[in-house]
Amino acid sequence: MKVSRRVERWSPLIVLIAVLLLWQLVVVAFGIAEFIFPSPWQIALQFAEFQSALLEAAWKTFWVTMLGFALSIAVGVMLGFLIGSSRLAYTALYPLMVAFNAVPKAAVVPILVVWFGIGLGPGVLTAFLISFFPITVNIATGLATLEPELEDVLRVLGARRWDVLIKVGLPRSMPYFYASLKVAITLAFVGTVLAEMTAGDSGIGYLMQTAGSQQRMPLAFAGLVTIGAMAMAMYELFSWIEKRTTGWAHRGSQAT
Amino acid sequence: MSFVDFRGVWLAYNDELLAQGHYAVEDISLQVNNGEFIAIVGPSGCGKSTFMKLATGLKMPSKGTITIGGAPVTGPLKISGMAFQAPSLLPWRSTLHNVLLPLEIVEPYRSSFKNKRREYEAKARDLLKSVGLAGYEDKFPWQLSGGMQQRASICRALVHEPKMLLLDEPFGALDAFTREELWCTLRDLQAAQKFNVILVTHDLRESVFLADTVYVMSKSPGRFVVKRAIDLPRPRDLEVTYTPEFTDIVHELRGHIGASRQKTGSPSAAVS
């Protein structure tokens, strides 16, 4: 029992190390060229060599993503609140939002460049556009799943719609909200890198694009790893906040 | 003058049903005295819950008039508290804060909630204590058993001191022993505070044990078919449910339910 608990705790790290070892082994065993598929060791060497450039690019990508993500939380929550609390708004807006969400964001970046020029604008906006939808849908779902009996109990007391939303709807939608943040943050990184690759002048996306065009595969891979690590860290942060604030929704898993 | 007064009340849920003459309840008339405990029994789907919505002002009648506490009903009645079969407590609030919820909403408590928070908390604790939940105030709903959750739900319905308590099959989901315990809890609360109770149930023993008057409702049309005064002396002990007088009344009411069901052609169903 105790041993299996410990294994579970360390399992992500064990899997990571196993994958890296396998990767290294395959590259060495088949003699794959560096410019086609670099080994983890070669990527690690790039990290050491281009440490400052990678850090600078990562920092840039990080805060552009955070700006876009903050925007998507603000807009996503407001829209979700609107369509979750009003059936009219739901019926009117939902089809349009679905259509909008289906538009490939890569196709939108050139348009954003025309409007805002090369630089910050397209990155922030792409990160926002790609990540607000799950937040909206989750908040709306949380608000819409209110038991009719409970609503009666409160309405009899003279509760206004607003009371019901604030006292019941909003707390109830919090677990959905955090679940959506975890999806949205990874999407936001995708959005930023996408914009940087097509129309950036800095950031990890730009670095990867440049490295790729110079056939410097290990550096491009180092960029990929950096993005992955940042997204993973943010995901863990939101998981942690989620457990702290909405423990009531996860009691089943804590009881074991 | 009676506290609750229904005169010739009909309700169709929307205009379309009204035009077709499909009513959820038909020609309901009843007069309830101050402090009276009434029970409404009948097969499922007979319009008992519709009656609840009318009595709380959540629905307006299509025909007829409803007067409660001397005033015609025009909207949700704040002098009433409700509890249902599902306790529907909020999982992120402790038992105490679930019970306090109505005070955050209903006037005059709402405006003084911040200033008098301590006083209201003490009041809620007293109420929880009176139903045997002392020591569980700071537990969360999922840490309580089904019976305890239902006790808390009844406290939530009573915390703003309503003149009328409406219960829609409140003990339906509980096991037989817990149910009988809660009957006694409700009996004692009502004896102490003298509020009106309208109890909707399909448990005949429950209705006879608790109520002063039992109304039997028929299914489609949803009408009252029998009014039966229960003259068993109070306070009633659980022992009374094993006496011949008690059984006779239950038997008699059961006969009416059977009769009211035969019209729809279905065989009798188990009514505990």
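Guide: In chain B of this predicted model, 71% of the contacts between residues at least 6 apart in sequence join residues at least 24 apart. Chain B holds nine helices and 10 strands. Its radius of gyration is 19 Å, close to the 19 Å that the globule rule gives for 272 residues, so chain B is as compact as a globular protein of that length. The C-alpha atoms of chain B fill a box of roughly 55 × 45 × 35 Å along the principal axes, and 39% of the 272 residues are buried.

The part to look at is strand β8 of chain B, residues 196-201. Six of its six residues are buried. In a regular strand the side chains alternate between the two faces of the sheet. On one side of β8(B) are Asn196(B), Ile198(B) and Val200(B), and on the other are Val197(B), Leu199(B) and Thr201(B). These residues are all buried, which leaves both faces of β8(B) covered.

Next come the strands that pair with β8(B). Strand β3 of chain B, residues 37-41, runs parallel to β8(B), and the two share five bridges. Within this pairing, Ile40(B) has Val200(B) as its bridge partner. Strand β7 of chain B, residues 164-168, is also parallel to β8(B) and is joined to it by five bridges. Here Leu167(B) stands opposite Leu199(B). To get from β7(B) to β8(B), the chain passes through helix α7 of chain B, residues 176-193, in a β-α-β crossover that is right-handed.

Chain B also has an open sheet of four strands with antiparallel pairing, in the order β2-β1-β4-β5. At its edges stand β2 (25-32) and β5 (71-72) of chain B; each has a single partner strand, so one side of each is left without a neighbour in the sheet. Further in, strand β1 (residues 4-11) and strand β4 (residues 63-68) of chain B are antiparallel and connected by five bridges. One of the residue pairs there is Arg7(B) with Thr65(B) in β4(B).

The secondary structure of chain A comes to 11 helices and zero strands. Its C-alpha trace spans about 75 × 60 × 30 Å along the principal axes, and buried residues make up 35% of its 256 residues. Of the contacts in chain A with a separation of 6 or more, 74% are between residues 24 or more positions apart. One of its helices is α5(A), residues 105-116, whose 12 residues should span 16 Å at 1.5 Å a residue; the end C-alpha atoms are 16 Å apart, which agrees. Just after α5(A), Gly117(A) has a positive phi of about 80°.

Where the two chains meet, chain A contributes 17 residues and chain B contributes 20 residues. On the side of chain A that touches chain B, α7 (148-156) and α8 (161-199) of chain A each supply at least two residues. The most comes from α7(A), with seven residues. By class, this side of chain A has nine nonpolar, one polar and seven charged residues.

To return to the strand: β8(B) has six of its six residues buried, and it pairs in the parallel sense with β3(B) and with β7(B).

How values were computed. Residues numbered from 1 in each chain as written. Chains lettered and ligands numbered in written order. Predicted model: local features only at pLDDT ≥ 70, side-chain atom pairs only at ≥ 80, totals over all residues. Contact = placed C-beta atoms within 7 Å. Nonpolar A, V, L, I, M, F, W, Y, C, P; charged D, E, K, R; others polar. Rg over C-alpha atoms; globule rule 2.2 N^0.38 Å. Buried ≥ 20, exposed ≤ 12 C-beta atoms within 10 Å, placed from the backbone. Expected span 1.5 Å × (residues − 1). Pairing = 2+ DSSP bridges. Right-handed = clockwise from strand over helix to strand, strands pointing away.
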